[in-house]
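I am opening my notebook on this structure, and I want to write down what I looked up in the order in which I looked it up.

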Amino acid sequence: MGHYQKAFVIFLICSYFVYPPLILSSSTDGYTRIRLKRMKLNKDNRVVSQTELTHSLRARYGNNLIGSNGLDIVLLTNYINTQYYGEIGIGTPPQMFNVIFDTGSSNLWVPSSKCYLSMSCYVHSKYRSGMSITYKSSGQSGAIEYGSGTISGFFSKDNVKIGHLIIKDQEFIEATKEPDMTFMTGKFDGVLGLGFREISVGNVATIWENMLNQNVVKYPLFSIWLDRSENEENGGGGEIIFGGVDPNHYKGNHAFVPITKKGYWQFNLGDVLINGESTGYCQNGCPAIADSGTSLLTGPTSAINEINAAIGIKSFVSQEFKSVVKQNGENILDLLQNELSEQFDTIRDSDIDCGKAASMPNISFTLGGKDFVLTPQEYLIKDGEGDGTRCVSGFMPLDIPTSDGLLWILGDVFMGSYHTIFDYGNLRVGFAKAV
């Protein structure tokens, strides 16, 4: 994860840029709204979905704005409350792709038409450079390592269309090799990174950096609203707005924390509480990041195990089990029965009866001196429908060492409850209760 510097949370309001308020009109002038559908979990993809829950866990680690002119809105689709993605176009004319808007990485990649040996490339849209009149060759090779495997390929340049915005000569990776299990079953074609250039593979300019340099957005911030609604009529997806914020997606004021290290959107986590009682894990501060590309909320094993124990979950899927899943694929069930019965108990113990939610504790995280509470209804992920519905904990143990201690990742479980502003101009992140 590199070197992390500890920083105290200090608010210097006078040092922040003040953006004039904008009005989000009902017309399409100044922004584009893209409608997408919501996907849901079914019982037949249970084993696969456990992998999807962790697809983005990497091996390498003021004034409220209202959107209008100079901003763009992309509606996001929600896949089982663990996978949010939206549509972009690459090339001229645009070739359309569903991508995860990932604040935990900084590169754009999509499958290439030159991907021949990865099965996942055959079930997703592929970029064809010969069909674009704005394509430019780059020649540099590139690879991005995720917790679920590595994608590799080569860099190319082309125009990228997000809503009505056109970002010219964006450098991106044409993936010629992808990990099959995760990406073949995923509802997304690729990933669009929204982190800082400091973690960009190949040190290429990020798409957000080029948006600012090419003046296609008016204000240097973007906001993410993840809709975890179970009402399919509401779309159950979300929205990302480049250049502004929609006040209909949150209530109250945002609490901001300053960025302590550029790369990921990293800040200081003040405390972790169970039913209002401090666990003592972060009283002196812990490094944390807001990561829209990570499905769950992760933290040090000892802390997450204490949280899960309070919820009533004995354990979680171990790293050993995930390794076995990755290596053995279709043979996993036989292996579980014959050689890994203890691991099978681990999988079963990570489930919990959804009907017991009322007796479970609230879990809170202190950011900028304010406690952000997650209720059981917010941190449990439902698996299945009807009488067979079970719940899975949204908290996953993951030890990522930094110079300041083990890293916490506030993924979609947290961001689904709290509308998030990524304020690049002021180098800070803001959270407010999502509605």
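My search of the whole structure found three disulfides, where a disulfide is a pair of cysteine sulfur atoms within 2.5 Å. I remind myself that a disulfide is a covalent bond between the sulfur atoms of two cysteines.

Before going on, I note that this is a predicted model, in which local features need pLDDT of at least 70 and side-chain atom pairs count only at pLDDT 80 or more, while totals for chains, interfaces and linings use all residues. Residues are numbered from 1 along each chain as its sequence is written, and side-chain values use heavy atoms, with hydrogens and water left out.

**Entry: the disulfides**

I looked up the link of Cys115 and Cys121, whose S to S distance is 2.0 Å, and found it right-handed, with 80 degrees about the S-S bond. For burial I used under 20% relative accessible area as buried, over 50% as exposed and anything in between as partly exposed, with a 1.4 Å probe and protein chains only. Cys115 counts as buried because its relative accessibility is 1%, and Cys121 counts as buried because its value is 0%.

Next I turned to Cys282 and Cys286, which are joined with an S to S distance of 2.1 Å; this link is left-handed, with -100 degrees about the S-S bond. Cys282 is buried because its relative accessible area is 0%, and Cys286 counts as buried because its relative accessibility is 9%.

Which parts of the chain does the pair of Cys354 and Cys391 tie together? Their sulfur atoms are 2.1 Å apart, and the link is right-handed, with 115 degrees about the S-S bond. Cys354 lies in the loop between strand S17 (351–352) and strand S18 (363–367) and Cys391 lies in strand S21 (residues 390–393), so the pair ties together parts that are 37 residues apart in sequence. Both Cys354 and Cys391 are buried. Strands here are DSSP runs of E with at least two residues, numbered from the N terminus.

**Entry: strand S26**

I then followed strand S26 (residues 418–423), where six of the six residues are buried. Tyr418, Thr420 and Phe422 point one way, His419, Ile421 and Asp423 point the other way, and all of them are buried. In a regular strand the side chains alternate between the two faces of the sheet.

Which strands pair with S26? Strands count as paired if DSSP finds at least two bridges between them. Strand S9 (residues 221–226) pairs with S26 in the antiparallel sense over four bridges, and Ile224 has Thr420 as its bridge partner in S26. Strand S27 (residues 428–434) also runs antiparallel to S26, joined to it by six bridges, with Lys433 of S27 opposite Tyr418. S26 and S27 form a hairpin with four residues between them, and Leu427 in the turn has a positive phi of about 50 degrees.

**Entry: a loop residue**

Is Tyr116 buried or exposed? I placed Tyr116 in the loop between strand S4 (108–111) and strand S5 (136–146), and Tyr116 counts as exposed because its relative accessibility is 54%.
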